[in-house]
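Let's take a walk through a protein model together. Have the sequence and the 3D view ready, and look up each residue as we reach it.

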Amino acid sequence: MVFVQAEQSFGQINPLLSEFDTPFGVPPFSEINEAHYLPAFQEGMKQKEAEIDAIVSNASKPDFENTILAYDKSGKLLSRINPVFYGLNGANTNPKMQAIARELTPLMSAHNNKIRFNQDLFIRIRSVYDNRQNLKLNEEQLRLVEKIYEDFARNGAALPEEQRNELQALNQRMSMVSLNLNQNLLAENNHFKLILESMEELAGLPDDIISAAAEEAKKTGQEGKWAFTLAKPSWIPFLQFSERRDLREKLYMAYINRGNNENENDNKKLFLELMHLRRKMAQLLGYQDYAEYAISDNMAKTPQNVYDFLYRIWAPALERAQKERDQMQEIVIKEGGDFELASWDWWFYAEKIRLEQFNMDEEEIKPYFTLDNVRKGIFALSGKLYGLQFIERPDVPVYHEEVEAWELIDKDGSSLGILYIDAHPRPGKRSGAWCGSYRSAQYDDKGKKVLPIVTIVMNFTRPVGDKPAMLSWDETRTYFHEFGHALHNFFAEGHYQRTARSVPRDFVELPSQILENWVGEPELLKEYAKHYQTGEVIPDDLVNKLMNARHFNAGFDNVEYIAAAILDLEWHTYPFEFNMDVNKFEKEVMDRISMIDQIVPRYRTTNFSHIFGGGYAAGYYVYRWAGVLDADAFAAFKESGDLFNQELSTKFRKYILGGNAYWEGMEAYKNFRGKEPDIDAFLIQSGLK
Ligand SMILES: [Zn+2]
């Protein structure tokens, strides 16, 4: 394939248009500026459309090579640029990048529509699909044919022309609405700051939290004051420790009302429009609602199966949360308080229970979980399970000075690719934690493997003063989690773009969540949890406390999460009315499931970014679904009496992480486990049984 002459832009060569001449072919970040993106995308789309035209105008009868394979390989330039732009727009954006994203969204969506609804292309694909059993294809090729055919069918390629046009218009508008919802949320995240001016307002807060707040204030020119933001590392510790009930309320209300402030960033109208568009789209495609459409492709198959599943956890979780609430109320009364516990009190009193009942002070364990230590723990676990080794590569270009580049070496000494680690919050980074890739594993035209470039991006507590960054227990688990997604990227064995790492959405979190099971195992803790000053290994009594505290707040965690998962499903199954009251709907759903006043769903409608984009719409349940899978899978290691059982880790790598191009969902799981998963391991693990 021939690339056009790299275009001139401001007198420079556009680096996005030629192969990346860097170690491992990572993007040449420092050479790319914002002006390069749009022309590169336009060229990428042009090339891909030309490749599609070539497939369609091929005079030979459609076959695997000239249609399916050619389609799978098309769009090389675009798939080089796309992850660079969107990776950086998530991890290191600025107003220029955001403006490009807004300009790009309708262009890309029109481009995708052109291909998705290309009838001549679809007819060729369908012809190969109909004839697939006679083509002497191997299993991987057969799956590729089926996946590509299903993609087109699910996108409406088989519909009559008028309806296809309607769908195209819906797709374009939906991508714009999603983008606006997310941009509003980002603005809302940065919009509010709780600025404190006196020591008295800081009552109860630990020193490192105060120092972090002082630095935050300094950054915005408010030196000498303290600032708390709506980022989790800021508001959660404040709610845990602040003795000022009025300020806890102020900060928490600002957090849960993001997108619900009747200002220019209000998301209510946009969200309703999105629900309306999704429902229309699903019905055009022959489904009753969006949930039915989205879930039909998952392991769960139907919304009813998901409801049944969620309610099995909801009942014991709610009962448990009510007990937790009652315990907290007792503390309030014992301390002479004459108020009823409210949602902004939960973290504060939970902290007291943690101390009283589990004798566990988060600040006491933090010195053992520095950012470096946790990384070492992750690397040690990868060594024990898969024989991997890690080499830091300061010679590999990065996109921000805080990002680290590591090379992964497989058991046999071969390289597996590059891992970027980007740990701390910045104004240009979206909230949360995620794993992405700047290039997925692939094969070049000569059949040689091109290694993946994977990135994990987090928003962990920054180092303060001369102390290293110390992670909370939650952050420690998140680090392992994201690395689990990364391994899934590195181990992919398939030969084709479409199927190499294709798994149902309710399977995606199995590779990540399973690693969270090892985090607190004493055998592994001894390897990495060492005091940052003394080097002393975490003492047994702290390990015991950690293990005992595993079920701490389990009612809250499950209720907060499942309430959000149910809210997501309710929105995507509701027979829609345009002039609905978003907040009223939310309240009705919560009343119906007997939600208690002291807990708010983990995400409320106007800040539920998981469901704004397509990714987790009617799919927020997938984390717990995968939770059942990962608890059951980890139970296999436990039952074997060896947490690092090589036979099991080899099978896990083969069937769950590596072989997605060959086996899917339940089939893959049963190949690993020898049976279907059982919900009990999950209920026991989370203290609900
Ligand atoms: Zn995940």
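A residue is called buried when its relative accessible area is under 20%, exposed when over 50%, and partly exposed in between, using a 1.4 Å probe and protein chains only. Keep in mind that this is a predicted model, in which local features need pLDDT of at least 70 and side-chain atom pairs count only at pLDDT 80 or more, while totals for chains, interfaces and linings use all residues. Residues are numbered from 1 along each chain as its sequence is written, and side-chain values use heavy atoms, with hydrogens and water left out.

Let's begin at the metal. Which residues hold the zinc ion? His481 and His485, each through NE2, and Glu509, through OE, coordinate the zinc ion at 2.1 Å. Donors here are N, O and S atoms within 2.8 Å of the metal (3.2 Å for Na, K and Ca), and sites may look incomplete since water is not among the atoms. Along the sequence, the zinc donors follow the spacing H-x3-H-x23-E. The two histidines, His481 and His485, both sit in helix 17 (residues 473-491), 4 residues apart, which is about one turn of the helix. Helices are DSSP runs of H or I with at least four residues, strands are runs of E with at least two, and both are numbered from the N terminus. His485 counts as buried because its relative accessible area is 11%, and His481 is buried too, at 9%.

Next, find helix 18 (residues 510-519). How many of its residues are buried? The count is 10 of 10, so this helix is mostly covered. Among them are Pro511, Gln513, Glu516 and Trp518.

Now turn to a pair of helices. Helix 9 (residues 232-241) and helix 10 pack at an angle of about 145°, and their axes are 10 Å apart. The axes are lines fitted to C-alpha atoms, for helices over the stretch in contact, and the angles run from 0 to 180 degrees between N-to-C directions. Where they meet, Lys232, Trp235, Phe238 and Leu239 of helix 9 touch Leu247, Arg248, Leu251, Tyr252 and Tyr255 of helix 10; contact means heavy atoms within 4.5 Å.

A salt bridge is a side-chain nitrogen of Lys or Arg within 4 Å of a carboxyl oxygen of Asp or Glu, and the whole structure has 47 of them. One of these joins Glu273 and Arg173, at 2.7 Å from N to O. Glu273 is in helix 11 and Arg173 in helix 7 (residues 161-191), so this pair ties together parts that are 100 residues apart in sequence. Glu273 is buried at 17% relative accessible area, whereas Arg173 is partly exposed at 34%.

Another salt bridge links Arg244 and Glu200, with their closest N and O atoms 3.0 Å apart. Arg244 lies in the loop between helix 9 and helix 10, and Glu200 in the loop between strand 3 (194-196) and helix 8 (207-219), 44 residues away. Arg244 is buried at 19%, while Glu200 is exposed at 52%.

Our last stop is Arg258, in the loop between helix 10 (245-256) and helix 11 (268-284). Arg258 is buried but has no salt bridge: the nearest side chain of opposite charge, Glu188, is 7.3 Å away. For charge, Lys and Arg count as positive and Asp and Glu as negative, while His and the chain ends are not counted.
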